[in-house]
Amino acid sequence: MEVLFLILNQPERLNELLEGFLDDGIGGATVLESTGMGRTLCDTTPIFGGLRNILQECRPNNLTIFTVLDSEDKKNKAIKRIHHVLGDLSKPNTGMYFVMPVSAASGLTESPEDATE
């Protein structure tokens, strides 16, 4: 098992992403509102914020999405879906993801396809 974390800088893409996850058999994602370091500095440091606004607008808050994936296939589908919805993540203001191993978990619900087996 692994957990995938996605920091989504385009909240307007959330529904498209989550619906795609469901289409791919990936359920149980959790969505949290989050704030990045740059936004926090823009809001709390007037000098930095002033310079930052001249160079680039401060980004609104992000969304952090995480989901536990129970197979390599689901992980690959989730990553493919992220790239399909968000495009090139190396471009500014798209987002970033990372995957980490899960050594133990409890309370996970089965996906609809697992429940029928």
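1. Met96, Phe98 and Met100 form a nonpolar surface patch of about 270 Å². Patch members have over 30% relative accessible area and no salt bridge; like charges are joined within 9 Å, and nonpolar side chains (Val, Leu, Ile, Met, Phe, Trp, Tyr) within 5 Å. Accessible areas come from the Shrake-Rupley method with a 1.4 Å probe, and for residues only the protein chains shown count as cover.

2. The model is predicted: local features need pLDDT of at least 70, side-chain atom pairs count only at pLDDT 80 or more, and totals for chains, interfaces and linings use all residues. Residues are numbered from 1 along each chain as its sequence is written, and side-chain values use heavy atoms, with hydrogens and water left out.

3. Met96 sits in strand E4 (residues 95–101). Strands (E, at least two residues) and helices (H or I, at least four) are DSSP runs, numbered from the N terminus. Met96 counts as partly exposed because its relative accessibility is 41%. The classes are buried under 20% relative accessible area, exposed over 50%, and partly exposed in between (1.4 Å probe, protein chains only).

4. Now the charged pairs. Side chains of opposite charge can pair when their charged atoms come close. The whole structure holds six salt bridges. A salt bridge here is a side-chain nitrogen of Lys or Arg within 4 Å of a carboxyl oxygen of Asp or Glu.

5. One of them joins Glu2 to Lys75, at 3.4 Å from N to O. This pair links distant parts of the chain: Glu2 belongs to strand E1 (residues 2–8) and Lys75 to helix H4 (residues 72–86), 73 residues apart. Glu2 is partly exposed, at 21% relative accessibility. Lys75 has 14%, so Lys75 counts as buried. Please look at Glu72 too: a network of salt bridges links Glu2, Glu72 and Lys75.

6. Helix H4 also carries the pair Asp73 and Lys77, four residues apart, about one turn of the helix. Their closest N and O atoms are 3.5 Å apart, in a salt bridge. Asp73 is partly exposed, at 46% relative accessibility. Lys77 is partly exposed as well, with a relative accessible area of 34%.

7. Arg13 and Glu16 make another salt bridge, at 3.2 Å from N to O. Arg13 has 25% relative accessibility and so counts as partly exposed. Glu16, at 37%, is also partly exposed.
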